[in-house]
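Please have the model open while reading.

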Amino acid sequence: MPVTSWPTPRPTSRRRFLTLAAVAAAAAACGRATAAGGGAETKKLRYQGSVGQVTLPELASDLGYFGDVKLEWVGNTISGPQDIQSAATGQTDFGGAFNGAVVKLIAAGAPVKAAISYYGVDAASYNGYYVLEDSPIRSARDLVGKKVGMNTLGAHAEAVLDTYLQRNGFAAPELRRVERIVVPPVNTEQSLRQRQIEVASLGGVLRDKALAAGGIRPLFSDFDLLGSFSAGTYVLTDRFLKQNPNTSRVFVTGVAKAIEWARTTPREEVIARSTDIIKRRGRNEDAAALQYWKSFGVAEPGGRITDQTFQLWIDWLTDHGEIKAGQVKAADLYTNQFNGYSAASPTADRS
């Protein structure tokens, strides 16, 4: 993965940071209240899914990589920060988000650790920013006063937008001149076509589905700016990892195997299996977009995490003023202890 430099970010959002701090405090209190509990390890993992998409844990479970450990779907989310906050406060057992959001949550005191990468950016899987074919927007400066639709604020899509703007001459105070609008991913294409927003942040199957329909064109993408990199990780609480080490290993290793299964299996087979999963789970979803799936984009074998996975964001957030220099160390944010995947022996169960 290439080493990339990020721009000097916008001024700190005090409300956003305080929200994270409050979540972290609640998570820590929850951990203290239940850490003394004993008994057998849980065989049930509560989680949030995504409408019309198959997550790596869902794929791993369907492939039989979790054995007798079962998933329990508690609802859907469109927000990585919300997903990891739910895991931190015990509403779910794991959650996934953009790595910058993971750094912020842990820096604020949440007792969680990243255990495996689950999405990233490569030539096939990336997040693009699109405008209508007849849009007058051709450059970064054309975005001033315009609405950019994205799934959530303070995460991947917004960080990439800021990167694009600053690489094209925007000073930090100017970043707020481009309006950011939260739009559910399944509605983003429609919002663009109905001109409710001027730019749509689209990724994965939803991006390719929109491109296939025509009438839109790219402005830029995260792959154009940064090349290939793992962008998000699943986190679990320290308490969960301590009390459920075997279940944690089954989960993380199963996800790692699913990453490599999808990487090495013919694309048509991955799509067919994912489509079948959506049909069988009975959530009244449209599986049509899955035909455009290409890659999960995870850079490292088996989703293993490295210091560089987080150091980029530690530096970015320090410059941003949201964390203090030296407040967190990359090596303290994650563990590969529960990842038993080995490229030499894909079915191995060792760290």
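The points below concern a predicted model and are grouped by topic. Salt bridges in the model number 21. Several of them involve buried residues, among them E158, which has a relative accessible area of 1%. R217, in contrast, is buried and has no salt bridge.

**Salt bridges of E158**
- E158 pairs with R176 in a salt bridge, with N and O 3.3 Å apart. This pair joins distant parts of the chain, since E158 belongs to helix α5 and R176 to the loop between α5 and β7 (179–182), 18 residues away.
- R180 also forms a salt bridge with E158, at 3.1 Å from N to O. Here too distant parts of the chain are linked: R180 is in strand β7, 22 residues from E158 in helix α5.

**A salt-bridge network**
- E58, R281, R283 and E285 are connected by salt bridges into a network.
- Within it, the closest N and O atoms of R281 and E285 are 2.9 Å apart.
- R281 counts as buried because its relative accessible area of 19% is under the 20% cut-off. E285, at 18%, is buried as well.

**R217, buried without a salt bridge**
- R217 is part of strand β9 (residues 216–221).
- The nearest side chain of opposite charge is that of E133, 4.3 Å away. No salt bridge is counted for R217, because a salt bridge requires the nitrogen and oxygen to be within 4 Å.
- The R217 side chain instead reaches backbone oxygens: that of S135 at 2.6 Å and that of I137 at 2.9 Å.
- Beyond its neighbours within four places in sequence, R217 contacts residues including Y129, Y130, L132 and R138.

**Buried helices and residues**
- Helix α4 (residues 99–107) is largely enclosed by the rest of the structure, because nine of its nine residues are buried. K104 is one of these buried residues.
- Just after α4, G109 has a positive phi of about 110°.
- D162, in helix α5 (residues 156–167), is buried at 1% relative accessible area. Its C-alpha is 8.7 Å from that of A172, ten residues apart in sequence.

**A nonpolar surface patch**
- I78, L153 and V182 make a nonpolar surface patch of about 220 Å².
- I78 sits in the loop between β2 (70–76) and α3 (80–88) and is partly exposed, at 37% relative accessible area.

Key:
Residues are numbered from 1 along each chain as its sequence is written. This is a predicted model: local features need pLDDT of at least 70, side-chain atom pairs count only at pLDDT 80 or more; totals for chains, interfaces and linings use all residues. Side-chain values use heavy atoms; hydrogens and water are left out. Helices (H or I, at least four residues) and strands (E, at least two) are DSSP runs, numbered from the N terminus. Buried means under 20% relative accessible area, exposed over 50%, partly exposed in between (1.4 Å probe, protein chains only). Lys and Arg count as positive and Asp and Glu as negative; His and the chain ends are not counted. A polar contact is a pair of N or O atoms within 3.5 Å; within protein, one must be able to donate a hydrogen and the other to accept it, and residues adjacent in sequence count only if both atoms are side-chain atoms. Contact means heavy atoms within 4.5 Å. Patches are made of residues with over 30% relative accessible area and no salt bridge: like charges are joined within 9 Å, nonpolar side chains (Val, Leu, Ile, Met, Phe, Trp, Tyr) within 5 Å. Accessible areas come from the Shrake-Rupley method with a 1.4 Å probe; for residues, only the protein chains shown count as cover.
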